[in-house]
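The following questions and answers examine a structure step by step. Please keep the sequence and the model in view while reading.

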Amino acid sequence: MATTSFLHQVISDEGFIAANTLAKVLHITQSDLAEVTGLSRDSVSKSSRCKSRSTQARLRDTVEIINRVSEWSGGVGRAFSWFRSQPLPSFGDKTAEDLVKEGRAEAVKAYLARIADGGYA
């Protein structure tokens, strides 16, 4: 299953999201990862800052959303494209990326759960 593989690739044995591995899996640079998540470059490139609670929360939210979407989008690459570019009508056509940057990842996860349960967008 691709989604399980994705999770195993980006989560370290210690339970942290490995930012450098996540960037590689998504085929982007660490600078791009910082931009996508709304974090500073240092937050995703310096080990001590990458393991901070706030950085890990933002990375984990991003990974969880991409993982959920990859199940029905056809893979991680397509899920990442959706994350970055698909306007969500329920949120004034903001993308999941926009909402994660604003600290509203829980709203995106609730939206995806509603869709999975057969609700409307």
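Q: Is Glu97 buried or exposed in this predicted model?
A: The model is predicted, and Glu97 lies in helix H8, which covers residues 96-101. Its relative accessible area is 6%. Buried means under 20% relative accessible area. Because 6% falls under that cut-off, Glu97 is buried.

Q: Which residues is Glu97 in contact with, leaving aside its neighbours within four places in sequence?
A: Contact means heavy atoms within 4.5 Å. With neighbours within four places in sequence left aside, the contacts of Glu97 are Glu35, Val36, Phe83 and Arg84.

Q: Is Arg84 buried, partly exposed or exposed?
A: The place of Arg84 is in helix H7. Its relative accessibility is 31%. Buried means under 20% and exposed means over 50%, with partly exposed in between. Because 31% lies between these cut-offs, Arg84 counts as partly exposed.

Q: Which residues is Arg84 in contact with, leaving aside its neighbours within four places in sequence?
A: Glu97 has Arg84 among its contacts, and the list for Arg84 includes Glu97 in turn. Leaving aside neighbours within four places in sequence, Arg84 is in contact with Glu35, Val36, Thr95 and Glu97.

Q: What distance separates the C-alpha atoms of Arg84 and Thr55?
A: Arg84 and Thr55 are 29 residues apart along the chain.

Q: Which residues of the largest nonpolar core touch the most other members?
A: This core has 33 residues. Helices H1, H2, H3, H6, H7, H8 and H9 each supply at least two residues of the core. The residues that touch the most other members are Leu22, Leu33, Leu59, Ile65, Ile66, Trp82 and Phe83.

Q: Which residues does Phe83 touch, not counting residues up to four places away in sequence?
A: Phe83 is one of the core residues that touch the most other members. Glu97 is also in contact with Phe83. Not counting residues up to four places away in sequence, Phe83 touches Val36, Thr62, Ile65, Ile66, Thr95, Ala96, Glu97 and Val100.

Q: How many residues does H6 have, and what is its reach from its first C-alpha to its last?
A: Helix H6 covers residues 53-73. At 1.5 Å a residue, a span of 30 Å is expected, and the reach of H6 is close to this. H6 has 21 residues and reaches 30 Å.

Q: What is the phi of Gly74, the residue that follows H6?
A: Gly74 comes after the end of H6. Its phi is positive, near 105 degrees.

Q: What are the angle and the axis distance at which H6 and H7 pack?
A: Two packed helices are described by the angle between their axes and the distance between the axes. The crossing of H6 and H7 is right-handed. These helices pack at an angle of about 115 degrees, with their axes 8 Å apart.

Q: How do the residues of the contact of H6 with H7 divide into nonpolar, polar and charged, and how many are in each group?
A: From H6, the residues that meet H7 are Thr62, Ile65, Ile66, Val69, Ser70, Trp72 and Ser73. From H7, they are Val76, Arg78, Ala79, Phe80, Trp82 and Phe83. The residues of this contact divide into nine nonpolar, three polar and one charged.

Q: Which value does the phi of His27 take?
A: Most residues other than glycine have a negative phi. His27 is found in the loop between H2 and H3, and at 72% relative accessibility it counts as exposed. Its phi is positive, near 60 degrees.

Q: Where is Asp93 found, and what is its phi near?
A: Asp93 is found in the loop between H7 and H8. Asp93 is a residue other than glycine with a positive phi. The value is near 65 degrees.

Q: Is Val108 buried or exposed?
A: Val108 is found in helix H9. It touches Ile65, Phe91, Ala96 and Leu99, not counting residues up to four places away in sequence. At 0% relative accessibility, Val108 counts as buried.

Q: Is Glu106 buried or exposed?
A: Glu106 lies in helix H9. Its relative accessible area is 54%. Because exposed means over 50%, Glu106 is exposed.

How values were computed. Residues numbered from 1 in each chain as written. Predicted model: local features only at pLDDT ≥ 70, side-chain atom pairs only at ≥ 80, totals over all residues. Heavy atoms only, no water. Helix = DSSP H or I, 4+ residues; strand = E, 2+ residues; numbered from the N terminus. Buried < 20%, exposed > 50% of the residue type's maximum accessible area, 1.4 Å probe, protein only. Core = buried A, V, L, I, M, F, W, Y, C linked by side-chain atoms within 4.5 Å. Expected span 1.5 Å × (residues − 1). Axes fitted to C-alpha atoms, helices over the stretch in contact; angles between N-to-C directions. Left-handed = near helix turned anticlockwise from the far one by under 90°. Nonpolar A, V, L, I, M, F, W, Y, C, P; charged D, E, K, R; others polar.
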